[in-house]
Amino acid sequence: MAEPPRDFGTEVKSFFSSTFGGLWGSITGGNPPAQPGAAKQPPAGGQPPARVAPPSSPGARTNPLQPNRGSAPDLGVSRNTAAAKTNNARSNSLTSVMPASPKPLEDGWMVLEEPENRPGSASPSNVPMVDEDDDETTHDSPENVERFTAILGETKVNVDLLRACTWKYGCPVQFRPQVWRILLGILPPWPYLHQKLLDMKRQYYFDSAPKYLSRQDSNEDEKHLMAMIRSGFQNTGYRLRLFKNSTMLGIVCRVVYIFLQENNNLSYHDAFSQIPLVLLFGFLAGYAPAGTDFTKVLIKDGTISQEDIKHLEVDLYLSLTALYENQGGLKDLFSSNPTSNIDLLQNLVTKSDPALSQHLKSCDVQYLTFAYPWLESFFIDQILRMPVLVQMWDRYIASGRFVKYHVSLCAQVLLRNSKQIQRQDSPLDLYYFLQNLPLHRIDPELMQIILDGASKLFLDASIATVPTDTTGVDALIQKRKRRLAPQAE
């Protein structure tokens, strides 16, 4: 029996409506989702003090790329009425020119002029530079490249199969930008729409960014926020040659600042200056020439064009926003009570290794005291080997609940060090050991073992359902070979 024709237009609209939320609402005239309530604060002494206090009544977020029409961030200075009217007028004008359906955009759109970016301070002399030897991984094997070529070459990408292969095999470096965009919901599964949507999002970002960035010109609190973002990036990023330049500094500072302006109930955390390191490294493959050693390339040497650097900035913004908004994302960590993740970690350890859990209890070492920094940093500043970190984040993104998966990874780190932990008799020695685990020595092979253990904990605890069946990829590979056979003849 013939399969009835599919209404791709309805599928596309349904995808955008469910995935892009406010952005699709601004395009079609629908109402965007309301902003959740203010973040809950953890018990006294549990969470490190916030660097910027959240407002008492956050405003509704109208669009991920539009100014916030609700209340301003509570940074000591409120927006005046004239500024609010200007922002609303600008928002209305933007909405009026956006197409009602995905169509080619007209030529000509505003591009944010990149100002001179100069580091606020040099890298501290006592901070060691990280050995950036290129770590070989199995992600880029010919077999894995063939899998992802077949999956991404379809008219409509099978997202479940793409997620399953990323979860099981990792992602080849040349496909990582496209795979991350699809799995994070930034782009739909129809490749023919990707370039049009990216052009639309880039236009919208660069048109909106100057309005946010201008707030720091006359506001000392905003300048202080930008200084904290800059310092957080320099403390970690300047230990890697790739990020030790003003261009990368400028990208991270602008994106994180705009992100915090839009999510004005959110306090600044150092993770917001560290997560971009992994995201930027992952997306670089989409702009650098094939075969580039990403651990040694310098942005300022001309390997990547200025236009592509601006596109890289939009990739960072879109991915950081998706990681916050998606179910089980950063909002689950920073905008809710962190004790829920700490409780999950404790339960995973207790179930897998009761002796270890009992030893921590007998030493009166609370999970919150040592594990919250792990949760907040995602081990980025401890590992700081980019090939290993993107290997982790392939699994994080494929899991669909990456904060919960990170909790499982933290549990696996404790379990792998169980014997050494139980040798520490005093609470002080134990706490010092937990804060100084030799994570910087982890290579891709060892990380694969740790990730497999964390994945088992994650799946056994039924935290989320992850597609794991990859049998369909063989049929896609054969289909692609048959399609290419006539061309070879």
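Q: Which side chains meet in a salt bridge at 3.4 Å, N to O?
A: This is a predicted model. A salt bridge needs a side-chain nitrogen of Lys or Arg within 4 Å of a carboxyl oxygen of Asp or Glu. Here Arg 395 and Asp 452 meet that way, at 3.4 Å from N to O. The pair links distant parts of the chain. Arg 395 sits in helix 17 (residues 386-399) and Asp 452 in helix 21, 57 residues apart.

Q: Is Arg 395 buried or exposed?
A: Buried means under 20% relative accessible area. Arg 395 has 4%, so it is buried. Asp 452, at 41%, counts as partly exposed.

Q: What does Ser 455 touch, leaving out residues up to four places away in sequence?
A: Ser 455 touches Trp 167, Arg 395 and Tyr 405. Ser 455 lies in helix 21 (residues 444-460). Ser 455 counts as buried because its relative accessibility is 5%.

Q: How many salt bridges does a search of the whole structure find?
A: The search finds 10. One of them joins Lys 481 and Glu 146, with the closest N and O atoms 3.6 Å apart. Lys 481 is in helix 22 (residues 472-488) and Glu 146 in helix 4 (residues 142-152), 335 residues apart. Lys 481 is partly exposed at 43%. Glu 146 is partly exposed at 32%.

Q: What separates Asp 199 and Arg 202 in helix 7?
A: About one helical turn, because they are 3 residues apart in that helix (residues 194-213). Asp 199 is partly exposed at 27%, whereas Arg 202 is buried at 5%.

Conventions. Residues are numbered from 1 along each chain as its sequence is written. This is a predicted model: local features need pLDDT of at least 70, side-chain atom pairs count only at pLDDT 80 or more; totals for chains, interfaces and linings use all residues. Side-chain values use heavy atoms; hydrogens and water are left out. Helices (H or I, at least four residues) and strands (E, at least two) are DSSP runs, numbered from the N terminus. Buried means under 20% relative accessible area, exposed over 50%, partly exposed in between (1.4 Å probe, protein chains only). Contact means heavy atoms within 4.5 Å.
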